[in-house]
Amino acid sequence: MESLMMDYPLTTTTILEYGNSVYHHKKIISYLPDGSRHEYSFRDMYKRCKKLANALQNKLRIKPGDMVGTFAWNHAPHVELYYGISGIGAVCHPINIRLSSSQTEYIINNSEDRVIFVDATLVPLLEKIASLLETVECYVLLNAPANFTTTLPNVIHYEDLLAEESEDFIWPVLNENDACGMCYTSGTTGLPKGVLYSHRSTYLHASNIVSPNAGNFSNEDTLLLIVPQFHVMAWGFPYLCLLSGSNMVLPSSNLQPEALIDILQAEKVTKANGVPTIWLGVYHAMKANPPKEKLSLKEYLVGGSALPKSLIEDFERDFGIKGAQAWGMTETSPLGTVSRLQPHHLELPVSEQLNIRAKQGIAFPGVEIRIMSDDGSLAPSDGKTMGELQIKGAWVINSYFKTNNQESFTADGWFKTGDVSTIDPDGYMEIKDRTKDLIKSGGEWISSVALESALMAHPNIKEAAVIAIPDEKWVEKPLASIVLINKENPTTNEELMAFLDRDFVKYQIPKDYVYLDEIPKTSVGKFDKKEIRKRFSDGNLK
């Protein structure tokens, strides 16, 4: 028997209309690449989205199902593109601005973008490959001065595109299962793969992240979106801000720790997102030069890689700012779990509470997770038995774009993440490592994630990344790449081995260390172990 409920599509336009109706006075604040600040309201953004929708249809001849690329920083016009493009039934495709030219060329040709909206400061990156792009008909310049010159063909300025368009536009009725956005995986192994998000998955993901047990956002918050808009749609934050009524602050290219601290202070930001390396940088900058006034920041949400337990502890002790660990992937929209304490945890010693907070946490309503052992059996939720993390749910991929990757899925429909994890009796998942990053020394597994987290608790270590290098006796052994805080007073290998001896058995402790000025980072700010392996995988540490 079918229900007697209304068919009410869950779409991005539903989000936009809600934000305009209920929170039209809330603010979107952009710190643009030229250093200027721009502020306007949700209502202003709403009107410009309608002008954009008219321009896309009337001037650019974009049709439902067409791919429209964005190559831009985080700022208000980029948010307008999220809503205007998907609102007419086209697909908004944020392109990773930090990939190689060959990967960017591949992605644009694979997605068949018809138009690309590009920030003026990023134009040189597209000029290199413009002649190789097979489907791009037009480039629209964002934040470009009137006298801006470029070799890109068929160029129009964004404000000129919108200038004569009407603010009257009736959004078409959309199928909530149609695509609204697409992001590509970062291509750390093989070519990047497209992940196509639906209106429904986007709505459900955003509405779940708002909830108290998840992101815990409300109309009392001002959110700083540090995660790039090309990185899994900024983790859904441009959508959840309109649902929660949170003011939205966008830093564009102003991502150095000192710039972020200035923004946090000036805008009285209460919550923010970002990968661990961002918050490591912010913490050390604040430690070196403490802000004169206490920040309004209550909490930062971290994903992308493990949040070191030491950083959670240090940030809270020194500045009263909490860190919340989450986990997800491009393929999961991205957020799948978050770690928050429950009332019965408050009876535990603080050190044990910290251990729980450093885990990746419990699944959101709408997704399920499980751990599968090597023999194909379901692993027990004992917090000890490791296996591959698998996930399914309302905002999880069931296929890649234009790619038959059935090896990424189980016969019963679960997505195989490639993460080696455990789940404890309370349902808290903990990533032990990526499958490719586990180190097998003398037949015993060593977690690079656990070693990195422990090393970054050392008072003189800013960053640490661990990989496997060959060893004649044990086949593999761990190598730790280290960035020191105080290079004038260097820490020795012997000191680090003694420091790790508290928490690790002898065979797990690295005996080999290299000291770098900076750990290489991926396009989304994670430690780039592929680059470290290129340099040291032959065992030559010079």
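Me: How many bridges join strand β8 to β9?
Reply: Happy to look at this pair in the predicted model. Strand β8 spans residues 179–184 and runs antiparallel to β9. Within the pairing, A179 stands opposite S198 of β9. The number of bridges joining the two strands is 5.

Me: How many residues of strand β9 are buried?
Reply: Strand β9 covers residues 194–198. Buried here means under 20% relative accessible area. By that cut-off the strand is mostly covered, and its buried residues number 4 of 5.

Me: Is V232, with its phi near 50°, buried or exposed?
Reply: Good one to pick out! Most residues other than glycine have a negative phi. V232 has a positive one, and this residue is found in helix α8, residues 232–235. Because its relative accessibility is 1%, V232 counts as buried.

Me: And K268, is that residue buried or exposed?
Reply: K268 also carries a positive phi, near 50°, without being a glycine. K268 lies in the loop between α10 (257–266) and β12 (271–274). The cut-off for this class is over 50% relative accessible area. K268 has 54% relative accessibility, so it counts as exposed.

Technical notes:
Residues numbered from 1 in each chain as written. Predicted model: local features only at pLDDT ≥ 70, side-chain atom pairs only at ≥ 80, totals over all residues. Heavy atoms only, no water. Buried < 20%, exposed > 50% of the residue type's maximum accessible area, 1.4 Å probe, protein only. Pairing = 2+ DSSP bridges.
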